Amino acid sequence: MLTPHPETWIYPTERGLFCEPGQFFIDPHAAVDRAIITHGHGDHARSGHGHVLASAETIAIMKQRYGGEEAAGAFQAYAEPMTVNGVGVSLKPAGHILGSCQIVLDWQGARVVISGDYKRSPDPTCRPFELVPCDLFVTEATFGLPVFRHEPAEKEAKRLIASLADNADRTHLLGVYGLGKCQRMIVLAREAGYDRPIYLHGALIGLCALYEKLGIALGDIRPVADAEPGALIGALVMCPPASLNDRWSRRMADPVTCFASGWMRVRGRARQRGVELPLVVSDHCDWPELLTTIEETGAGEIWVTHGREDALVHQIGKMGRRGRALALVGFEDEGD
Ligand SMILES: [Zn+2]
Ligand SMILES: [Zn+2]
């Protein structure tokens, strides 16, 4: 039997990437009957689907964010390779945030891997990316420009700890995305030997509690709201990026403003936010990681989603593969 080209059975629609023989969508951005979800970030995991297949951690995150069991008609936690309407389906770690998975589809002799968001660098809060050889690889391109090179996260954490030691009279106010980056920065600080309390903006507390419940120890974390007067002087305080410069942050006198993101590679972005200590820590691949991964999958065809698609598609052509920009709507980087 001839192997049909994957684009005859998996293709973008206005609700997202659709697997026709399987009759399911991957990370759809509108409510559908049947969805497979790569991870819990808001641009991938939405509420209102009839049936959701995802990792147990992703399901726990979705329930926490979208009102418990109401978040979908039915949830199915992935346990082992399975068949959905004749399509082989398995989930493999993507190394992006807790519970993040690549979706591996096998149908009539062809293998398609949808990576979701992913990274190759180590992250103590999730399982590492597992390379799966395939015919068609769907990659993200959040940092799909040669200028993007992330620093080793451990090195950035050490810079943060050193700055805390050097500025014992100033609060360090660290902007972090609430799902993934926050917990990764806490664990990195702990691994770098920082064992003092870490204070959290109220918006970060729920997901930190969930991470702890799912087995990621975060040490002594406390709500900022409960801090004694004076306790924040010289302390590490974490908040969502939007709170770095708003009314909430004014309770900290003369803080060292820090921000952990892949975007901190761009000096203008750090300046714009008034960031004194930019930390280049990302939960996405940088440019070299993207190219290495594409190479290693052996895929002859690469589809590129959210981010700088054109530059990467051009590069893929130079690598002797077929690249295609999948202009899927609805993807915005919730955590970067
Ligand atoms: Zn993500
Ligand atoms: Zn994303």
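Predicted model: local features only at pLDDT ≥ 70, side-chain atom pairs only at ≥ 80, totals over all residues.
## A hairpin to start with

Two residues separate β1 and β2, which together make a hairpin. Helices and strands here are DSSP runs numbered from the N terminus, with helices (H or I) needing at least four residues and strands (E) at least two. Strand β1 (residues 10-13) runs antiparallel to β2 and is joined to it by four bridges; strands count as paired if DSSP finds at least two bridges between them.

Residues are numbered from 1 along each chain as its sequence is written, and chains are lettered from A and ligands numbered from 1 in the order in which they are written.

## Two domains

The protein chain splits into domain 1 (6-147 + 284-325) and domain 2 (153-279), with bounds that come from an automatic or database domain assignment. Their C-alpha centres are 29 Å apart.

Where the domains meet, 15 residues of domain 1 are in contact with 14 residues of domain 2; contact requires C-beta atoms, placed from the backbone, within 7 Å. The side of domain 1 that touches domain 2 has seven nonpolar, six polar and two charged residues. In that tally, Ala, Val, Leu, Ile, Met, Phe, Trp, Tyr, Cys and Pro are nonpolar, Asp, Glu, Lys and Arg are charged, and the others, Gly among them, are polar.

## The seven-stranded sheet

Seven strands form an open sheet with mixed pairing, in the order β7-β8-β9-β10-β11-β18-β19. Its edges are β7 (82-84) and β19 (322-325); each has a single partner strand, so one side of each lacks a neighbour in the sheet. On average, neighbouring strands are turned by 25° against each other, direction ignored. Axes are lines fitted to C-alpha atoms (for helices, over the stretch in contact), and angles run from 0 to 180 degrees between N-to-C directions.

Inside this sheet, β10 and strand β11 (residues 136-141) are parallel and share three bridges, with Val 113 opposite Phe 137 in β11. Two helices pack on the sheet. Helix α6 (residues 287-297) touches β10, β11 and β18 (301-307), and its direction makes about 175° with that of β11. Helix α7 (residues 309-318) touches β11, β18 and β19, and its direction makes about 170° with that of β19.

## A closer look at Val 113

Val 113 belongs to strand β10 (residues 110-114). Val 113 counts as buried because it has 24 C-beta neighbours inside 10 Å; the cut-offs are 20 or more other C-beta atoms within 10 Å for buried, 12 or fewer for exposed, and in between for partly exposed, with C-beta atoms placed from the backbone. Beyond the residues within four places in sequence, its contacts are Gln 102, Val 104, Val 132, Cys 134, Phe 137, Val 138 and Thr 297.

## The parallel sheet

A second open sheet has six strands in the order β14-β13-β15-β12-β16-β17, with parallel pairing. Here β14 (221-223) and β17 (277-279) are at the edges, each with a single partner strand, so one side of each has no neighbour in the sheet. The twist from one strand to the next averages 25°.

Three bridges link strand β16 (residues 256-260) and β17 in the parallel sense, and Cys 258 stands opposite Leu 277 in β17. Helix α2 (residues 153-166) lies across β12 (172-175), β15 (236-239), β16 and β17, at about 160° to β17.

## The core and helix α3

The largest nonpolar core has 98 residues, of which Ile 36, Leu 174, Met 185, Val 237, Met 238 and Leu 279 touch the most other members. Such a core is a set of buried Ala, Val, Leu, Ile, Met, Phe, Trp, Tyr and Cys residues joined through C-beta atoms within 7 Å. Helix α3 (residues 181-191) gives this core its largest share, six residues, and each of domain 1 and domain 2 supplies at least three.

Helix α3 is largely enclosed by the rest of the structure because nine of its eleven residues are buried. Just after α3, Gly 193 takes a positive phi of about 100°.
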